[in-house]
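Grab a pencil and have the viewer ready.

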Amino acid sequence: MRTPNPYTPGAGFMPAYLAGREKLLEDAEKYLEAIEKGYPQQSVIYFGLRGVGKTVLLNAIEEIADNRNILYEHIEIKERKNQRSELGYFEQQIANICKKFLHAMSIKESAKSLLRRAIGVLKGFTITYNPQEGTFSAGVETDGIAEYIGTGDLPSDMTDLLVALGKAANESGSTICFFIDEIQYMKEIEIEALVGAIHRCNQLRLPVMVFGAGLPKILKTMGDAKSYTERLFRFEEVDALTEEAAKYAVREPAADENVSYSDEAMNKIIEVTGRYPYFIQAFCSAIWEQCDGDTIEGDDVEKALPVFWSDMDKGFFMVRFERCTKREKQFMFAMVKCGELPCTISNVAMIMNMNVSKISTFRAQLINKGLIYATGHAEIDFTVPQFDGFLKRINPGLELD
Ligand SMILES: Nc1ncnc2c1ncn2[C@@H]1O[C@H](COP(=O)(O)OP(=O)(O)OP(=O)(O)O)[C@@H](O)[C@H]1O
Ligand SMILES: [Mg+2]
């Protein structure tokens with residue numbers, strides 16, 4: 001194609017046309033408006049498979065928050081393997097964004113006393129969770145701003161921090177939003193702390209809210225954290241697009257460049273991509289690179305298929321597959337061998353010729369790595385759409401050795 005490629009296959013890349021998320025965005029704006037008015041709001045967690053558009057959705061909501069002059073910060077939780085060297089990582093991230101919030105509020109004249117208190121709490125928190133020290137030492141501020149002791153008990157310290165922040169926000173007429181991506185990588189204690197802190201802020205009618213996004217596994221993790229989580233958070237599924245929305249996602253970026261799709265081409269794209277946003281961007285991008293007419297025809301789509309799958313295999317799928325151990329790979333091949341997904345762990349065990357308790361470790365590791373998730377009823381499935389197809393392509397016989 002002679003014109004620039006308008007498609008955006010890439011983690012968190014805002015598409016030229018954000019399709020099918022109107023309702024989620026409208027709702028998010030409603031929640032933001034309500035919390036600005038001082039009505040406590042449930043925080044929102046978006047969950048869905050890989051590449052379905054969670055990060056992009058969070059970014060779009062941040063834009064709404066920005067337009068409304070709400071104070072917001074975005075953090076992405078990373079997967080942590082090395083427990084020791086990453087001690088204090090999450091606390092540090094929270095402390096850093098609280099610092100930014102406090103700085104933004106300090107510009108407003110009206111909030112002085114509670115702001116000073118919040119700064120004191122934040123200092124105490126930072127000292128308590130100083131990763132350099134590697135210990136949870138208690139911090140006492142003596143410089144006159146405030147005296148606050150971090151207890152080293154994360155849930156209680158986090159509540160103190162968010163409540164102090166919320167009170168300062170309330171006083172200065174600000175609203176605060178935390179946007180937390182890849183929330184499934186938060187540890188249980190961190191989730192418990194966050195949930196508890198938000199709960200307290202809600203009880204005190206403080207203008208603090210969280211928008212989170214992550215893999216379906218967070219439903220269970222958050223449910224386990226505290227019994228009242230369900231009432232405190234709204235869980236919203238981000239799924240593959242409807243057929244109509246998928247057609248918009250395909251058509252609109254090209255229309256901006258005066259290129260259109262024949263019905264045959266469109267239907268083929270919808271079928272191959274399963275209406276998954278990342279697949280749509282990657283496939284349309286590959287098609288775009290391969291043809292140069294003003295109308296994209298069925299043949300053009302067919303021609304781009306091998307490049308598309310090879311790009312997907314090399315990029316999207318393989319990077320995830322390669323993070324697995326030999327046993328974990330065998331476990332996943334066995335899942336595909338079950339013939340139907342989601343599948344049961346007992347079927348996987350039978351195919352691997354091992355007992356269930358033995359393979360439970362691999363199941364847990366794969367869930368932790370974010371490759372599979374429990375769908376309920378003791379069943380499991382892949383978090384990556386069409387991962388079974390990829391596993392068959394690289395191992396057609398589904399050999400386990
Ligand atoms: N609503 C949408 N319409 C069109 N394209 C979209 C939409 N949502 C996401 N995309 C595209 O899909 C791809 C994946 O989006 P994103 O990174 O937000 O997914 P994700 O759910 O956060 O994935 P992961 O779980 O891997 O972090 C991007 O290339 C983005 O441009
Ligand atoms: Mg993402």
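**Exercise 1. Which residue of E3 stands opposite Ile-75?**

Step 1. The residue opposite Ile-75 is Ile-180 in E3. Before going on, some housekeeping: residues are numbered from 1 along each chain as its sequence is written, while chains are lettered from A and ligands numbered from 1 in the order in which they are written. This is a predicted model, where local features need pLDDT of at least 70, side-chain atom pairs count only at pLDDT 80 or more, and totals for chains, interfaces and linings use all residues.

Step 2. Strand and helix names come from DSSP runs numbered from the N terminus (helices are H or I with at least four residues, strands are E with at least two). E2 and E3 run parallel and are joined by six bridges. Two strands count as paired if DSSP finds at least two bridges between them.

Step 3. Now look to the other neighbour of Ile-180: its bridge partner in E4 is Gly-212. Likewise, Cys-177 has Met-209 as its bridge partner in E4. Strand E3 (residues 176–181) and strand E4 (residues 208–214) pair in the parallel sense, over five bridges.

**Exercise 2. In what order do the five strands of the parallel open sheet come?**

Step 1. The order is E2-E3-E4-E1-E5.

Step 2. Strand E2 (71–76) and strand E5 (233–237) are the edge strands, each pairing on one side only.

Step 3. From one strand to the next, the twist averages 15°. For angles like this, axes are lines fitted to C-alpha atoms, for helices over the stretch in contact, and the values run from 0 to 180 degrees between N-to-C directions.

Step 4. Helix H3 (residues 89–106) packs on this sheet and touches E2 and E3, with its direction making about 165° with that of E2. Contact here asks for C-beta atoms, placed from the backbone, within 7 Å.

**Exercise 3. How many residues of E3 are buried?**

Step 1. Six of the six residues in E3 are buried.

Step 2. Check both faces: Ile-176, Phe-178 and Ile-180 are buried on one side, and Cys-177, Phe-179 and Asp-181 on the other.

**Exercise 4. Is Arg-205 buried or exposed?**

Step 1. Find Arg-205 in the loop between helix H6 (188–203) and E4.

Step 2. Arg-205 has 12 other C-beta atoms within 10 Å, so it is exposed.

Step 3. Check the backbone too: phi of Arg-205 is near 55°, a positive value in a residue other than glycine.

**Exercise 5. Which residues come nearest to ligand 1?**

Step 1. Of the 23 residues around ligand 1, the nearest are Pro-15, Gly-53, Thr-55, Val-56 and Pro-277. To be near, a residue needs its C-beta atom, placed from the backbone, within 6 Å of the molecule or strand.

Step 2. Helix H2 (54–67) and helix H11 (277–290) are the elements that give two or more residues to this shell.

Step 3. Domain 1 (22–237) and domain 2 (253–320) each supply at least three residues to the shell; the domain bounds come from an automatic or database domain assignment.

Key: Two residues are in contact if their C-beta atoms, placed from the backbone, lie within 7 Å. A residue is buried if 20 or more other C-beta atoms lie within 10 Å of its own, exposed if 12 or fewer, and partly exposed in between; C-beta atoms are placed from the backbone.
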